[in-house]
Amino acid sequence: MYNKSTKKKVIHAIIIVIIFFAILSAIGLYILRYQVKGESNLPFNITKIIIAQSVEGTEKENQPERWNLLVSENNDIYIYLEKNSKYNKTEIIESIDINNIIINKNNTKGEANCYRPIKDENTMFNNLEENKITQITYTGDLESNIKEQKISNQGGIVAFRYGINNLANYISNDAQEIDYSKLLQLTNISEEDIKTAISFDIIINLTTGKKYQSNINIDIPAKEVIEKGTNGIEITDLSNLVFKRIDN
């Protein structure tokens with residue numbers, strides 16, 4: 001038989017084991033919750049994403065036809081970051097990185113690429129070889145300047161283009177004028193030809209050394225841009241974004 005002293009030791013050991021497992025369970029639940037929901041109070045939030053869709057026709061040089069155009073479809077993606085008013089510390093953006101860009105386009109028509117902004121007074125993007133990117137960084141500064149890839153260190157806009165070049169070739173000797181907004185229809189481009197899912201990682205780097213990363217997935221539709229030649233999409237439901245702290 002156990003004496004009183006031995007019983008107390010056994011009970012004490014059981015209590016310690018219970019407390020130990022309770023702590024482990026609490027830690028496990030916290031880790032699980034963090035993996036699902038991420039950071040609950042970021043210094044900066046993504047408040048909306050805007051996609052500006054358009055059709056472009058580039059004239060082929062030295063061709064005998066009256067009209068000989070290479071048709072492209074463009075999707076200019078603008079990501080808005082704002083300071084979180086509920087965050088009670090002062091933080092400064094050092095840079096914003098966009099990388100790990102994955103384009104999921106099922107149809108093989110056209111050449112799908114991403115492009116950086118350019119320093120040109122007349123246009124924000126140009127689908128030239130030298131402007132192609134696989135990642136892009138916006139540097140924190142006093143003021144935002146998309147063309148120079150700068151973002152205000154207290155929030156602003158970062159942008160890049162997803163474009164499909166050489167989607168079709170429009171040739172005509174009959175038309176006196178061309179309605180460029182109808183080029184996708186004139187070349188029989190379907191929704192399946194340009195409908196895309198694109199994903200990428202965005203990383204918020206702060207001057208304090210903190211880094212927050214999230215993966216963004218966007219379904220880019222096609223119907224409106226085929227019918228109208230332009231389309232604007234505003235995404236404000238970003239509840240599915242999960243930002244996690246990256247270890248330094």
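A salt bridge is counted here when a side-chain nitrogen of Lys or Arg lies within 4 Å of a carboxyl oxygen of Asp or Glu. In this predicted model, the rule gives eight salt bridges. One of them joins the side chains of glutamate 91 and lysine 210, with an N to O distance of 2.9 Å. This pair links distant parts of the chain, 119 residues apart: glutamate 91 belongs to the loop between strand E2 (67-83) and E3, and lysine 210 to the loop between strand E9 (196-206) and strand E10 (211-220). Glutamate 91 and lysine 210 are both buried.

Strands E3, E9 and E10 also take part in an open sheet of six strands, ordered E7-E6-E3-E9-E10-E12 with mixed pairing. Strand E7 (150-152) and strand E12 (244-246) each have a single partner strand and stand at the edges, so one side of each lacks a neighbour in the sheet. On average, neighbouring strands of the sheet are turned by 30° against each other, direction ignored. Within the sheet, strand E3 (residues 93-104) and strand E6 (residues 136-141) form an antiparallel pair over four bridges; aspartate 97 has threonine 137 in E6 as its bridge partner.

Two further salt bridges may be considered. Aspartate 141 and lysine 150 meet through their side chains at 3.3 Å, N to O. Salt bridges with shared partners join Asp141, Glu148 and Lys150 into one network. Aspartate 141 is partly exposed because its relative accessible area is 27%, and lysine 150 is partly exposed at 28%. Lysine 132 and glutamate 129 form a salt bridge at 3.0 Å, N to O. Here lysine 132 is partly exposed, at 33% relative accessibility, whereas glutamate 129 is exposed, at 58%.

Key:
Residues numbered from 1 in each chain as written. Predicted model: local features only at pLDDT ≥ 70, side-chain atom pairs only at ≥ 80, totals over all residues. Heavy atoms only, no water. Pairing = 2+ DSSP bridges. Helix = DSSP H or I, 4+ residues; strand = E, 2+ residues; numbered from the N terminus. Axes fitted to C-alpha atoms, helices over the stretch in contact; angles between N-to-C directions. Buried < 20%, exposed > 50% of the residue type's maximum accessible area, 1.4 Å probe, protein only.
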